[in-house]
Structure formats: C-alpha cells, structure tokens
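This note is written for a reader who is meeting the structure for the first time. Please keep the sequence and the model open while reading the points.

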Amino acid sequence: MRENTAGVDPLSAGPLTLPEAQVEAIRTAYGTPPREYHNINHVAEVLRHYAEVADGPGWAQPVEVWLAVLYHDAIYEARRSDNETRSARLAVEHLQRWQPETGVDAARVSWLIEQTARHGQHLPADFGNDANGDDVRHFLDCDMAILGAAPEVFDAYDQAIAAEYRGHVPGWLFRRNRRRFLKALLERPRIFLSDLFHARYDAAARDNLRRLLGIAAR
C-alpha cells in the first residue's frame with residue numbers, strides 16, 4: 001500500500017475546477033496552525049481512497065463528497081471540540097463565494113463534514129441503504145482508512161496525532177483518551193462502515209490496533 005503523499009498537490013484535479021484564490025484559501029487553512037497529521041498530505045491520502053471508490057462502486061454525488069474531503073479538516077485545533085463544525089462552516093462560506101452558480105449542494109457538503117465528528121460511533125445502518133447512504137459510509141471510511149495502513153505508516157500516524165496534542169492536552173490525559181478511543185474501535189463488530197473498506201482494511205486495522213494496545217490476537 002503506497003501511503004507517502006509528500007509533494008502531491010491534492011487540489012490540482014477533481015470533478016470541479018477551483019479558482020486559484022479558493023485553492024490558496026484551502027492551503028492556508030490547512031497550514032494554520034501547522035499540524036503534524038491533519039494537514040494537506042492527509043487530504044491527499046483521503047483523496048487516494050476517494051479515487052478507489054470512484055473506480056468502483058462509484059459515488060452518487062462525486063462533487064459534494066470531493067469537496068467534503070477537501071474541507072473536512074480545514075480547521076483543526078487540538079484543544080477545540082468544534083473543529084468539524086467550523087470546517088463545515090468554512091466550506092459553505094467558500095462555496096458561496098467561489099462556486100455560487102455551479103449547483104453544488106453546499107448543505108450536503110457541510111453535513112458530510114459534520115459526520116466526521118462522530119468517528120467510531122456510527123453504525124453501517126445509520127445512513128440507509130441507498131446510494132446516498134453508500135456515499136456517507138465510503139466518505140467516512142476514506143478518512144479512517146489510515147487504521148488499515150502498513151504498520152510503519154500506522155505508527156507514524158499515531159505519533160503524529162500525539163504530536164498535535166502535545167502542549168495542548170496533558171500527556172497522561174491524551175494517552176488515556178487515545179487508548180480508550182482505539183480500544184473502543186477494536187471492540188466494534190465493524191471498524192469500517194462500508195463493505196468495500198471492511199473487506200480491504202479491517203484485518204490490517206485490527207492487527208495495528210492490537211499491536212499498539214498490546215492486546216494479543218484472539
């Protein structure tokens with residue numbers, strides 16, 4: 001699995017052409033403040049998984065999902081609990097400014113971004129059985145696919161998350177909450193919501209989580 005996206009410009013191609021001013025505004029957002037993980041390279045990696053879905057089974061609303069990927073972590077401050085809401089608001093503001101006549105469903109983009117606030121809490125059946133529900137499941141799974149990455153890439157991700165919280169949350173509190181979150185993921189019957197990502201990444205994700213948590217395979 002290729003995970004290194006350094007040097008990739010994830011905003012250069014997509015189902016909608018963005019003006020340079022919008023592209024620069026997105027780049028600026030992802031660099032403010034600088035982040036170890038939730039940066040533009042993370043967007044590039046999520047877009048790689050977006051392309052996997054586009055190749056089959058496909059997206060019902062490819063433009064809206066693509067935009068949700070671009071903006072889903074645009075605002076990220078480790079100490080804040082409203083990053084998703086603020087990112088969704090920024091997406092709507094940008095779409096109103098730069099894409100007012102393209103027919104993009106800005107409310108759908110905003111709603112998709114808001115769903116990332118509840119990673120690890122959703123169930124596959126939460127979004128219905130139609131193509132729009134599939135879009136939500138696949139979108140959320142694209143963002144969580146790092147769990148099923150190669151071990152060294154997963155470890156780098158885990159270290160980057162810790163670095164983002166360093167200086168903002170006491171170390172003991174971060175480690176307790178992080179372990180609780182990852183253990184809860186491991187205990188779920190489905191880590192990934194879609195059949196596609198479940199088949200491709202569940203086993204590797206469970207191996208990574210068990211190794212990190214020091215839990216022997218059953």
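The numbered points below treat the basis of the model, its helices, selected residues, and its cavity and pocket.

1. Basis of the model. The model is predicted, so local features need pLDDT of at least 70 and side-chain atom pairs count only at pLDDT 80 or more, while totals for chains, interfaces and linings use all residues. Residues are numbered from 1 along each chain as its sequence is written, and side-chain values use heavy atoms, with hydrogens and water left out.

2. Helices H1 and H3. Helices (DSSP runs of H or I, at least four residues) are numbered from the N terminus. The axes of helix H1 (residues 20–30) and helix H3 (residues 62–71) come within 10 Å and cross at roughly 40°. Axes are lines fitted to C-alpha atoms, for helices over the stretch in contact, and angles run from 0 to 180 degrees between N-to-C directions. H1 and H3 are therefore oblique to each other; angles under 35 degrees count as roughly parallel, over 145 as roughly antiparallel, 65 to 115 as roughly perpendicular and the rest as oblique.

3. The contact of H1 with H3. On the H1 side, Gln 22, Ile 26 and Tyr 30 meet Val 69, Leu 70 and Tyr 71 of H3, where contact means heavy atoms within 4.5 Å. By class, the residues of this contact are five nonpolar, one polar and no charged. Ala, Val, Leu, Ile, Met, Phe, Trp, Tyr, Cys and Pro count as nonpolar, Asp, Glu, Lys and Arg as charged, and the others, Gly among them, as polar.

4. Burial of H3. Is H3 enclosed or open? H3 is largely enclosed by the rest of the structure, because nine of its ten residues are buried. Buried means under 20% relative accessible area, exposed over 50%, and partly exposed in between (1.4 Å probe, protein chains only). The buried residues include Glu 64, Trp 66 and Leu 67. Their cover includes H1, H2, H4, H5 and H6.

5. Burial of H5. Helix H5 (residues 106–115) is also largely enclosed by the rest of the structure, since seven of its ten residues are buried. Among them are Arg 108, Val 109 and Gln 115. The buried residues of H5 pack against H3, H4 and H6.

6. Leu 95. This residue lies in helix H4. Leu 95 counts as buried because its relative accessibility is 4%. Residues touched by Leu 95 include Gln 22, Leu 67, Ala 106 and Val 109. Leu 95 and Val 109 are 14 residues apart along the chain, and their C-alpha atoms are separated by 9.6 Å.

7. His 49. Helix H2 (residues 40–54) holds His 49, which counts as buried at 2% relative accessibility. Not counting residues up to four places away in sequence, His 49 touches Cys 142, Ala 145, Phe 197 and Tyr 201. His 49 and Ile 146 are 97 residues apart in sequence, and 9.9 Å apart in space, C-alpha to C-alpha.

8. Asp 158. In helix H7 (residues 151–165), Asp 158 counts as buried at 15% relative accessibility. Arg 178, Leu 182 and Leu 212 are touched by Asp 158, not counting residues up to four places away in sequence.

9. Cis peptide bonds. The peptide bond from Thr 32 to Pro 33 is cis, with omega near -10°, and Pro 33 is in the loop between H1 and H2. Gly 56 and Pro 57 are also joined by a cis peptide bond, with omega about 15°; Pro 57 is in the loop between H2 and H3.

10. The cavity. On a 1 Å grid over the protein atoms alone, a cavity is a set of points where a 1.4 Å probe fits but cannot get out, and a pocket is an open set with protein on both sides within 12 Å along at least five of seven lines; lining residues have an atom within 4 Å of a point. The structure holds one cavity of 30 Å³ or more. The largest cavity has a volume of about 80 Å³; a volume is the space filled by probe spheres set on the points, and grid points are joined across faces, edges and corners. Its lining has six nonpolar, four polar and two charged residues.

11. The largest pocket has a volume of about 900 Å³. Of the 34 residues that line this pocket, the closest to its centre are Tyr 76, Glu 84, Tyr 165, Arg 178 and Phe 181. H8 gives the most to the lining, with eight residues.

Terms used
Helix = DSSP H or I, 4+ residues; strand = E, 2+ residues; numbered from the N terminus.
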